[in-house]
Amino acid sequence: MAKVKVAPVRQMVVVPYRPWRRWLVRIVGIVIIALAVYAAYLYGFQSGGSQYETLLNQRAELRQNLREAEQRQEALRLRVAQLERGSEVDRQANENARQTQLELSGRIAELEEEVALYQGIMSPSLDNEGLRIQEVTLEPTSSSDRYRYSLMLTQAGNNSQYLQGFVGVNIVGTQNGERIALPLKDVSEAVDDVDIRFRYRYFQDIKGDLVLPEGFIPDQIQVIAQAVGDRAARVEASYSWLDLENGNNVGQ
């Protein structure tokens with residue numbers, strides 16, 4: 001006998017048909033999602049605003065620190081400038097004091113020389129009375145062949161009478177291999193005669209410029225002074241040109 005297949009029996013459930021409920025669920029889901037997004041936005045805004053405010057505060061603090069640093073820097077710069085000015089003032093004051101001291105020392109030396117000169121004139125030794133060649137000086141100029149010269153004659157001892165006479169000055173040296181003596185009048189416009197006349201009671205200076213001829217090499221200055229009259233006397237002296245050129249004032 002053939003077997004007959006029996007189809008399975010499916011149970012059917014009857015439910016009420018409510019189409020509005022599906023839409024309600026969707027709307028509620030949408031609202032929940034919207035609320036979640038809005039909450040996230042509020043949280044992000046509040047958090048971002050707080051960070052932004054923190055950044056603003058930090059920037060203001062940095063600006064304040066920068067201003068304070070700039071003020072300290074300016075104060076230090078002013079202090080350094082004051083110290084530099086003070087140092088310059090001190091240096092200038094020291095330099096002025098040094099220059100003043102040098103000038104005073106030079107002036108004291110000049111006064112001592114003058115005192116010695118006057119003492120020699122007023123109170124000479126017995127061997128040095130009368131006519132004296134007190135001093136010969138030679139000063140170089142900016143020109144290599146031009147010099148300023150000075151010759152001082154004095155009368156030591158009794159100065160009640162004038163001393164008069166003449167003095168001759170020769171520059172001795174070599175030119176073209178020959179030794180020659182040039183009278184002062186040949187090299188100085190201030191002198192117009194070989195014998196330079198003098199007349200004085202205490203002292204007399206003979207000054208001027210001399211110009212050496214080209215190729216002439218000096219090594220000596222010779223001075224011959226001759227007094228005439230009641231106090232006749234003759235004095236001769238020779239001076240190294242090199243010593244005079246180096247500032248060694250030579251005298252009796």
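## Overall architecture

The model is predicted. The protein chain contains two helices and eight strands. Along the sequence, these elements follow the pattern α-β-β-β-β-β-β-β-β-α.

Of the 252 residues in the protein chain, 23% are buried. The accessible surface of the chain amounts to about 19200 Å², and carbon and sulfur atoms account for 54% of that area. Contacts may also be sorted by separation in the sequence. Among contacts between residues at least 6 apart in sequence, 65% join residues at least 24 apart.

Three strands make up an open sheet in the order 1-2-6, with antiparallel pairing. Strand 1 and strand 6 are at the edges and have a single partner strand each, so one side of each has no neighbour in the sheet. From one strand to the next, the twist averages 15°.

Strand 1 covers residues 130–140, and its antiparallel pairing with strand 2 extends over ten bridges. These two strands form a hairpin, with five residues between them. Strand 2 also runs antiparallel to strand 6 (residues 203–211), to which nine bridges join it.

Strand 2 spans residues 146–156 and is mostly covered, since nine of its eleven residues are buried. Individual bridge partners show how this strand is placed in the sheet. Arginine 148 in strand 2 stands opposite glutamate 139, and the bridge partner of arginine 148 in strand 6 is aspartate 209. Tyrosine 147 in strand 2 is the bridge partner of proline 140.

Serine 150 also belongs to strand 2. Is serine 150 buried or exposed? The cut-off for a buried residue is under 20% relative accessible area. Serine 150 has a relative accessibility of 16% and therefore counts as buried. Apart from residues up to four places away in sequence, serine 150 touches Glu135, Val136, Thr137, Asp205, Ile206 and Lys207.

## Isoleucine 206 in strand 6

Isoleucine 206 is part of strand 6. Because its relative accessible area is 8%, isoleucine 206 is buried. When residues up to four places away in sequence are not counted, isoleucine 206 touches Tyr149, Ser150, Leu151, Leu153, Val167 and Ile196.

Isoleucine 196 and isoleucine 206 are ten residues apart along the chain, and their C-alpha atoms are separated by 8.8 Å.

## The nonpolar core

In soluble globular proteins, nonpolar side chains tend to be buried together. In this model, the largest nonpolar core has 32 residues. Which residues have the most contacts inside this core? They are Ile133, Leu151, Leu153, Val167, Leu184, Leu210 and Val223.

At least two residues of this core come from each of strand 1, strand 2, strand 3 (163–175), strand 5 (196–200), strand 6, strand 7 (216–228), strand 8 (233–240) and helix 2 (241–245). Strand 7 gives the most, with five residues.

Leaving aside neighbours within four places in sequence, valine 223 is in contact with Ile133, Val136, Leu151, Val167, Gly168, Val169, Val235, Glu236, Ala237 and Tyr239.

Terms used. Residues numbered from 1 in each chain as written. Predicted model: local features only at pLDDT ≥ 70, side-chain atom pairs only at ≥ 80, totals over all residues. Heavy atoms only, no water. Helix = DSSP H or I, 4+ residues; strand = E, 2+ residues; numbered from the N terminus. Buried < 20%, exposed > 50% of the residue type's maximum accessible area, 1.4 Å probe, protein only. Contact = heavy atoms within 4.5 Å. Areas by Shrake-Rupley, 256 points an atom, 1.4 Å probe, with all protein chains shown as cover. Pairing = 2+ DSSP bridges. Core = buried A, V, L, I, M, F, W, Y, C linked by side-chain atoms within 4.5 Å. Axes fitted to C-alpha atoms, helices over the stretch in contact; angles between N-to-C directions.
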